[in-house]
2 protein chains.
Amino acid sequence: MQKPDVSPPAGTRDFFAEDLELRERVLRTVRTVFERHGFSPLETPAFEKLDIITGKYGEEEKLIFKILKRGEKQSGGDADLALRYDFTVPLARVVARYPDKIGRFFRRYQIGPVWRADRPGKGRFREFYQCDFDIVGSKSLNVEVEVFLLLADVLSEVGVRDFTIRINSRELLSALMEMNGVPPELHASVITAIDKLDKIGVPGVAKELTERGLQAESRDPLLRLVETYVADPESMKKQIASSPKGQKELSAIDQVMGVVQPLMRQGKLQFDPFLARGLSYYTGIIFEVAAEGIASSIASGGRYDNLIGMFSSADVPACGGSLGIERILMVLQSTGAMGANRTSPDVLVTVWDESLRPASFRFATHLRNAGINTEVYVGEGRIPEQIGYASKKGIPYAAVIGPDEESKNQVAVREMVSRKQTLATWDEAAQIVRGPAKV
Amino acid sequence: MQKPDVSPPAGTRDFFAEDLELRERVLRTVRTVFERHGFSPLETPAFEKLDIITGKYGEEEKLIFKILKRGEKQSGGDADLALRYDFTVPLARVVARYPDKIGRFFRRYQIGPVWRADRPGKGRFREFYQCDFDIVGSKSLNVEVEVFLLLADVLSEVGVRDFTIRINSRELLSALMEMNGVPPELHASVITAIDKLDKIGVPGVAKELTERGLQAESRDPLLRLVETYVADPESMKKQIASSPKGQKELSAIDQVMGVVQPLMRQGKLQFDPFLARGLSYYTGIIFEVAAEGIASSIASGGRYDNLIGMFSSADVPACGGSLGIERILMVLQSTGAMGANRTSPDVLVTVWDESLRPASFRFATHLRNAGINTEVYVGEGRIPEQIGYASKKGIPYAAVIGPDEESKNQVAVREMVSRKQTLATWDEAAQIVRGPAKV
């Protein structure tokens, strides 16, 4: 038989202990902080019925993994299920399906893999973790405040240093467009161009606006506004406030910023009137989080009042966001913020011979009962070979119970790096291996 | 637009906080115990290339969920990927793919969902959690001992009372067949019949053996052996030991049982010479775990030396098992062994009006920083409505900061059940809500 290719499928990964340790630690922290803020976990199936998923993602629909019908129906080559593409569509389905469990307000988080048949590339996978948090059921600005407090808390707690939550309002951007006479059909395109201000500067934005077909009578005042913003954000705010719609949106942003003053003072939250966010479904305040050491945002979201009701008979307001877990892990790995990685057991208990086997296993049980991660050597090799195995696997201690040790109820504990060997009682041995070498 | 059916796909489930709390707690304990025994986590993708999965499951192959090719290739209706069906095939692939990471011995666990297009039914799902643990690379009986020590430890620690690990050897069953002249082609069938001894008794087994075509000259001595076992297991062991092959297998079992004496004495491990286990790939010691309050086994496994090498050029010995997580959860739920379920936040912080909003959010942050799970009311309702919300959601405390409280830096804490209201400083309030009502 020809051996098949044993690599994981394109765009997916196999994770060993050393890859999982940081990931698990971060997710554990994230869950704790979410629950501290009153968010509950939700888990939905890996796949949904096909008609739940299709028709929701426009151009991206071709990236959905579809599942073939089973049994006799399979022969037609038709699909009836699809792997989830995000957590927003499952949330909308759950909100429509379980009104009693959802109640008046529903704050949930969902963490897990989603699947997209994107072209695999550096940092881009076909199976990757998403981490969404949303509050459903209220249009009050209290929701936005809760979202920003959660976001700041969770990012600090997982160890991201120097992050900034940039906030804006989708409606404020519309007001800006209207004030400057940008035709409605160009709104999205113009916003996309201005959103690049950070990267291409005012001249770059000017060039893009012309290319996108914006007439001079709209382009020039808009550019002056951009220039004003770069030079003096406060005076630009005054200009926005001169339009009633601009005034209303600014007031909403000011209210939110007023409540989260401590975050403002620490520079963790900033108003950015040109922040755009690509997705067209946002209806109110939007945000993106920038962090030191990474060009792309590590979290984003906003208010989207017309989406979660897609399967319900009523409108369902909602606001929330998504943590870019894969990117946050990259940031933490590069800053070493989450401390050292220790994935091997604390100690290898060797097995002298068959007659001393029971003593070795009893000693291993003694260590495990003391909460020490313990491996018993499972091969048939002799002691030097067993010690070599511990060394190769990076296990910091090896323990040997030979006939002498057994007769005295003792154990020889070897510190692998220094090769220092200590004769000890079982309790002393437990003290030694959980000592300084344990992180 | 017609609204689609918003139920989850057949055989799958949506999990809310109250469904996840016990599950998460059990899995956390399981992981801790696995690592204490030197096992490392492994995670593989949800899907595998089709040729990795197909040809491994015989009759059950029709239960595999296959994924359609994407893009233009989709039109052919062909599949090129399949959702994982278990964790054994991915383990075999990983062992073949990463020899350096696997090393001499590899002890790993994997926990997560697998997918099978079985007919959904009570307790039978199409998406369900599996939890596998295996040691790869050694034929030594030390492996079996490690497996049984782990199994007993993990079941005790998650809170399963009164379980019994029944062990036998696949080869010992063969020896029994040979001693009694059962033709090789009837071995599997006869073993299946004898395996039902617990349920149908000696007369039932006699009837089954006849129906399965076993001749009287094999059937009668076999039945006498079964009767001997029921009356006096020790004398039956002597009869088995009269054949050289039987003697060898009994000696292996005795060696293992000798090392795990404490488990034997507690009745947690028992030799059962008629335990069969359906799967034909086992090559040595096999086991199944029975528990009070559930008819089916809650864990099972054994040695299977010819399976993990399926993608490798060399044979790869292996031994391990699988915890039936869904069944263990059923047992724990029925015995209440894992304690109470508390999924709502500890406290609702109300919002008096817009002017007092900052105080309420500052107080919420104060509570969260003290590790208290806190929800801020996000609607526009007045205080009585907010209190009603807390009551409906089962939140044990509500906190109100009105103008009076605000001016004195105080907060009114209401215990929802007793309706007792206490005026307190912020620190006192934190003490109250984390007090006796917190489990």
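Guide: Let's start with A:Asn409, which is exposed at a relative accessible area of 57% (exposed is over 50%, buried under 20%, partly exposed in between, with a 1.4 Å probe and protein chains only). A:Asn409 has a phi near 55 degrees, a positive value in a residue other than glycine. It sits in the loop between helix H16 (403–407) and strand E15 (410–415) of chain A (helices, H or I of at least four residues, and strands, E of at least two, are DSSP runs numbered from the N terminus). Over in chain B, B:Asp162 also has a positive phi near 55 degrees and isn't a glycine. B:Asp162 is in the loop between helix H5 (141–158) and strand E7 (163–169) of chain B, and it counts as exposed at 57% relative accessibility.

Quick housekeeping: residues count from 1 along each chain as its sequence is written, and chains are lettered from A and ligands numbered from 1 in the order written. The model is predicted, so local features need pLDDT of at least 70 and side-chain atom pairs 80 or more, while totals for chains, interfaces and linings use all residues, and side-chain values use heavy atoms, leaving out hydrogens and water.

Staying with loops for a moment, A:Arg119 lies between strand E5 (106–115) and strand E6 (127–136) of chain A. A:Arg119 is exposed, with a relative accessible area of 68%.

Now for the charged pairs. The whole model has 56 salt bridges over all chains (a side-chain nitrogen of Lys or Arg within 4 Å of a carboxyl oxygen of Asp or Glu). In one of them, A:Glu144 pairs with A:Arg303, with the closest N and O atoms 2.7 Å apart. A:Glu144 is in helix H5 (residues 141–158) and A:Arg303 in strand E10 (residues 294–303) of chain A, so this bridge ties together parts 159 residues apart in sequence. Both A:Glu144 and A:Arg303 are buried. A:Glu211 is exposed at 57%, and A:Lys207 counts as exposed at 57% relative accessibility. There's also a network: shared partners link A:Arg107, A:Glu146, B:Arg368, B:Glu375 and B:Lys393 through salt bridges.

Twelve salt bridges run between chain B and chain A. One is A:Asp5 with B:Lys49, at 2.6 Å, N to O. Helix H1 (residues 17–36) of chain B gives the largest share of the side of chain B that touches chain A, with seven residues. B:Glu385 and A:Arg104 also meet in a salt bridge, at 2.8 Å, N to O. This pair crosses from helix H15 (residues 383–393) of chain B to the loop between helix H4 (99–102) and E5 of chain A. B:Glu385 is partly exposed at 39%, and A:Arg104 is partly exposed at 43%.

Overall, 97 residues of chain B and 98 residues of chain A are in contact (heavy atoms within 4.5 Å). Together the chains bury about 8700 Å², 57% of it from carbon and sulfur atoms (accessible area lost on being put together, 1.4 Å probe, summed over both). B:Phe16, B:Glu43 and B:Val378 supply 9% of the area that chain B buries against chain A, more than any other three residues.

Methods
Buried area is the accessible area (1.4 Å probe) that two parts lose on being put together, summed over both.
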